[in-house]
Amino acid sequence: MASFREVFAKAKHIVVISGAGISAESGLPTFRGAGGYWRKWKAQDLATPQAFAYNPSRVWEFYHYRREMMQSAAPNPGHLAIAECEARLHKQGRRVMVITQNIDELHRKAGTKNLLEIHGSIFKTRCTSCGAVSENHKSPICPALSGKGAPEPETQDATIPVEKLPRCEEAACGGLLRPHVVWFGENLDPAILEEVDRELARCDLCLVVGTSSVVYPAAMFAPQVSARGVPVAEFNMETTPATNTFRFHFQGPCGKTLPEALAPHETETVS
């Protein structure tokens, strides 16, 4: 930790790459590993364009369940340490940028300003007809989903008629809405990936927080930075396939390790 703190004190442009692990500490299921089921399905059975085309009601039930959980979740000390660090360093003319795979907006709730949500946000919708993207924090998102989405395996599908599912409110459209998230088998937004590349090329310290380094293309971000000799610090509950390639590894909950790692360094001065 002491040698990480020395690197941190000198860094001018810090990139934080975050994944499901930091959200898990706020009580959100990751749908990875053992117990990663909603009813009888794994996330990768539901979070696909094919699943939505085949059964939009079931997919919306799944996302309604997740929206309600994410709506009531609070940022944990890990999220808050990152947001506080960004605000503090900004006053010193230094930059912190968060690149997240999470769709729960908990970084935003914690106060993070510089944020790239590469997998989108569960609180945005996209129209399958006109393509309009809108913010939507309604709970429930439509009356027909009220009280639906229970995760237990024995729960019966609600089988909501498609016209009662969330619909577009753009004038004369009324098309079926989908969550504005990147599903398995879909490409990330090229404009966002360009921004990611710019940040990775400029950073002089990279933190990898709560991500298993197996979901592509995000799994490539930190190794790309490490390959040009920039220090990478991994904060995770366990080691990952990438751990040995990084300079620092801090094992344990991010809510414990990050506040210590990102606390003000004694050499900091507010300019």
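Trainee: Over how many bridges do strand β1 and strand β9 pair?
Mentor: The model is predicted: local features need pLDDT of at least 70, side-chain atom pairs count only at pLDDT 80 or more, and totals for chains, interfaces and linings use all residues. Residues are numbered from 1 along each chain as its sequence is written, and side-chain values use heavy atoms, leaving out hydrogens and water. Strands are DSSP runs of E, at least two residues, and helices are runs of H or I, at least four, numbered from the N terminus. Strands pair if DSSP finds at least two bridges between them; β1 (residues 13-18) and β9 (residues 205-209) pair in the parallel sense over five bridges.

Trainee: Which strands stand at the edges of the open sheet of six strands?
Mentor: Its order is β5-β4-β1-β9-β10-β11, with parallel pairing. An edge strand has a single partner, so one of its sides is left without a neighbour in the sheet. That applies to β5 (115-117) and β11 (248-251).

Trainee: By what angle are neighbouring strands of this sheet turned against each other on average?
Mentor: Axes are lines fitted to C-alpha atoms, for helices over the stretch in contact, and angles run from 0 to 180 degrees between N-to-C directions. Here direction is ignored, and the average is 15°.

Trainee: Which helix packs on this sheet, touching β1, β4 and β5?
Mentor: Contact means heavy atoms within 4.5 Å. The helix spans residues 190-202, and its direction makes about 130° with that of β1. The helix is α8.

Trainee: What is the order of the open sheet formed by three strands?
Mentor: The pairing is antiparallel. β7 and β8 are the edge strands, each pairing on one side only. The twist averages 45° from one strand to the next. The order is β7-β6-β8.

Trainee: Where does UniProt place the feature "binding site"?
Mentor: The entry is unreviewed; its positions are given in the numbering used here, feature names are shortened, and annotations may be inferred rather than shown by experiment. The positions span 47 residues in sequence, yet no two of their C-alpha atoms are more than 8.9 Å apart, so they gather at one spot. The record lists C127, C130, C168 and C173.

Trainee: Is C168 buried or exposed?
Mentor: C168 lies in the loop between β7 (133-135) and β8 (177-181). Leaving aside neighbours within four places in sequence, its contacts include C127, C130 and C173. With a relative accessible area of 10%, C168 is buried.

Trainee: What is the relative accessible area of C173?
Mentor: C173 is also found in the loop between β7 and β8. Not counting residues up to four places away in sequence, C173 touches C127, S129, C130 and C168. C173 is partly exposed, at 29%.

Trainee: At roughly what angle do the axes of helix α6 and helix α10 cross?
Mentor: The axes of α6 (residues 77-90) and α10 (residues 254-261) come within 7 Å. The contact is made by P77, G78, A81 and I82 of α6 and C254, G255, L258 and P259 of α10. The axes cross at roughly 20°.

Notes:
Buried < 20%, exposed > 50% of the residue type's maximum accessible area, 1.4 Å probe, protein only.
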